[in-house]
Amino acid sequence: MDQASLLKEKIRQGFILEKVEDMNDEYLEFLKQTLIIVGDTELLSAPPLLSVYDQAPTLNNKITALAVIQDEIGHAHIAYRLLKDLGVDTDELLYNRKPHEWKNPYAFDFELSNWIEFGVFNALFDRAGYTLLGDVFQHTSYGPWKRALVKVDKEELFHLRNGESIMRWAMAKPDLRDDVQCAVDWMFLMALEFFGVADNLKSRNQQLEYKLKGKTNDELRQVWLSTAVPFCEEVGVKIPAHYDESTGKYVLEVPFPCKFDVENKRWLFDQPDTWENVVKRFKKRGPQNKQFVERIQRGALELEALRREAS
Amino acid sequence: MKKQIEPHLKKYWDALKEVLDPEFPISVVDLGLIYDIQENRGTIDVTMTYTAVSCACTEWMEADIEKRLLLEPEVKKVNIHVVWDPPWTVEMMTREGIEKMKYWGVSVR
């Protein structure tokens with residue numbers, strides 16, 4: 001049995017890795033890649049949320065919004081701190097990476113349009129984050145990450161409640177119902193894209209074999225749908241998905257993946273797409289990617305410039 | 001913090017053990033947020049605090065507390081009085097709350 005197979009077998013039997021010496025190069029590489037995606041996702045959720053937090057209708061709503069953003073930055077810090085312990089130069093990662101090199105979801109490269117979108121962001125995107133990280137918490141073979149996720153998962157539940165509470169509030173107001181529908185119309189499929197390419201396009205899944213996650217992309221999409229669909233139905237928002245009793249699964253009523261009109265934030269359901277093209281779209285990044293990353297980096301770069309000037 | 005609870009009020013303290021902090025699933029009682037409960041002919045007066053003046057969940061928690069107490073058949077009205085003196089510290093938490101935090105790896109010192 002080669003070294004990789006040996007480690008996978010040990011992990012399959014319940015081995016928890018605690019330090020770099022426990023890993024092989026492949027495991028370390030997958031772990032770093034995954035933590036970069038998680039850290040970038042948490043951190044880059046702040047700029048879109050900040051774009052509308054000041055539209056909060058009450059002071060209490062605004063305090064909650066700021067608490068959510070603060071949590072996300074804290075979660076990012078946890079992921080980057082784990083990366084630092086694995087030998088990654090996190091200053092380089094944070095302040096010298098080009099905007100298109102960041103690994104946050106495509107959905108976070110958009111400014112939000114209004115306060116309602118803050119709520120739908122929490123209710124749908126944070127639900128995706130909770131689904132993904134909840135799976136990691138349950139299954140990960142990397143001990144330090146599992147312990148760190150206890151706090152993260154609990155806080156994400158608070159974000160979900162905030163999102164659901166804003167959506168319920170808005171759906172009870174006739175003049176705001178259309179805004180909720182508009183937000184859900186573009187964010188619902190965006191959230192489903194968080195889980196990545198369809199299972200049938202993956203020949204093997206190293207992340208599963210090393211137990212960096214426990215469920216496949218399509219299984220995670222089903223987990224997300226199993227709570228997102230009933231919630232949207234309960235509050236009366238129309239969504240392009242339903243539960244199919246004959247298969248025991250949630251099914252989509254529109255082509256997925258499909259093309260997206262970036263300018264109008266609208267899905268083009270008459271133009272089905274391939275995952276290959278979706279990945280190209282992800283890599284090209286969305287409209288505010290540069291602006292958002294520069295916002296994150298600005299303070300550190302300005303301070304660095306001041307230091308250079310003073311010395 | 002040790003509290004002497006009058007026997008006829010114990011059921012309300014127990015009821016609030018079911019109301020959880022929205023961010024960390026520990027009850028408002030175990031977190032030490034509830035300072036006092038009084039009952040007078042179906043009206044409950046709850047005196048409570050928060051861990052911080054900028055607590056992001058005040059409205060949700062007050063709504064949850066009111067909703068839970070109103071489930072008791074004799075309760076007709078709930079008044080919530082928020083106070084900041086004495087200020088909340090981890091000393092206010094119950095042993096159960098502290099143990100839960102420790103189990104989750106969260107410092108309570």
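H7(A) passes H8(A) in a left-handed crossing. The model is predicted.

**Helix H7 against helix H8, chain A**

- H7 covers residues 143-171 of chain A, and H8 covers residues 177-193 of chain A.
- Their axes come within 7 Å and cross at roughly 135 degrees.
- H7(A) and H8(A) are therefore oblique to each other.
- H7(A) contributes A:Met167, A:Ala170 and A:Met171 to the contact, while H8(A) contributes A:Arg177, A:Asp179 and A:Val180.
- Four residues in the contact of H7(A) with H8(A) are nonpolar, two are charged and none is polar.

**Helix H2 against helix H4, chain A**

- Two packed helices are described by the angle between their axes and the distance between the axes.
- For H2 (residues 25-43) and H4 (residues 59-85) of chain A, the angle is about 160 degrees and the axes are 7 Å apart.
- That angle makes H2(A) roughly antiparallel to H4(A).
- H2(A) and H4(A) cross in the left-handed sense.
- On the H2(A) side, the contact is made by A:Lys32, A:Leu35, A:Ile36, A:Val38, A:Gly39, A:Glu42 and A:Leu43.
- On the H4(A) side, it is made by A:Glu72, A:Ile73, A:His75, A:Ala76, A:Ala79, A:Tyr80, A:Leu82 and A:Leu83.
- The contact of H2(A) with H4(A) counts 10 nonpolar, two polar and three charged residues.

**Helix H4 against helix H7, chain A**

- H4(A) also packs on H7(A), at an angle of about 160 degrees and with the axes 10 Å apart.
- The two helices, H4(A) and H7(A), are therefore roughly antiparallel to each other.
- Their crossing is left-handed.
- H4(A) brings A:Thr64, A:Val68, A:Asp71, A:His75, A:Ile78 and A:Leu82 to the contact with H7(A).
- H7(A) meets them with A:Pro144, A:Trp145, A:Ala148, A:Val152, A:Glu155, A:His159 and A:Asn162.
- Seven residues of the contact of H4(A) with H7(A) are nonpolar, four are polar and two are charged.
- A:His75 of H4(A) takes part in the contact with H2(A) and in the contact with H7(A).

- Chain B has an open sheet of three strands, in the order S1-S2-S3 and with mixed pairing.
- Strands S1 (34-40) and S3 (77-82) of chain B are at the edges with a single partner strand each, so one side of each has no neighbour in the sheet.
- From one strand to the next, the twist averages 15 degrees.
- S2 (residues 43-48) of chain B runs parallel to S3(B), and six bridges join them.
- B:Thr47 has B:His81 as its bridge partner in S3(B).
- Helix H2 (residues 58-69) of chain B packs on the sheet and touches S2 and S3 of chain B.
- The direction of this helix makes about 150 degrees with that of S3(B).

**Record annotation and chain contact**

- An unreviewed UniProt entry lists residues 13-81 of chain B as "domain: MIP18 family-like".
- That span, residues 13-81 of chain B, is 23% helix and 26% strand.
- Its end C-alpha atoms lie 16 Å apart.
- The contact of the chains takes 11 residues from chain B and 11 residues from chain A.
- The chain B side has six nonpolar, three polar and two charged residues.

**Hairpin of chain A**

- Strands S1 (residues 241-244) and S2 (residues 249-252) of chain A pair in the antiparallel sense over four bridges.
- A:His242 is opposite A:Val251 in S2(A).
- Four residues lie between the strands of this hairpin, and A:Gly248 takes a positive phi near 70 degrees.

**Backbone exceptions**

- Most residues other than glycine have a negative phi, and most peptide bonds are trans.
- A:Lys211, a residue other than glycine, has a positive phi near 55 degrees.
- A:Lys211 lies in the loop between helix H9 (206-209) and helix H10 (217-235) of chain A.
- The peptide bond from A:Phe256 to A:Pro257 is cis, with omega near 0 degrees.
- A:Pro257 is in the loop between S2 and strand S3 (258-261) of chain A.
- In chain B, the bond from B:Asp85 to B:Pro86 is cis, with omega near 0 degrees.
- B:Pro86 is in the loop between S3 and helix H3 (95-103) of chain B.

Methods. Residues numbered from 1 in each chain as written. Chains lettered and ligands numbered in written order. Predicted model: local features only at pLDDT ≥ 70, side-chain atom pairs only at ≥ 80, totals over all residues. Axes fitted to C-alpha atoms, helices over the stretch in contact; angles between N-to-C directions. Parallel < 35°, antiparallel > 145°, perpendicular 65-115°, else oblique. Left-handed = near helix turned anticlockwise from the far one by under 90°. Contact = placed C-beta atoms within 7 Å. Nonpolar A, V, L, I, M, F, W, Y, C, P; charged D, E, K, R; others polar. UniProt positions renumbered as here; feature names shortened; annotations may be inferred. Pairing = 2+ DSSP bridges.
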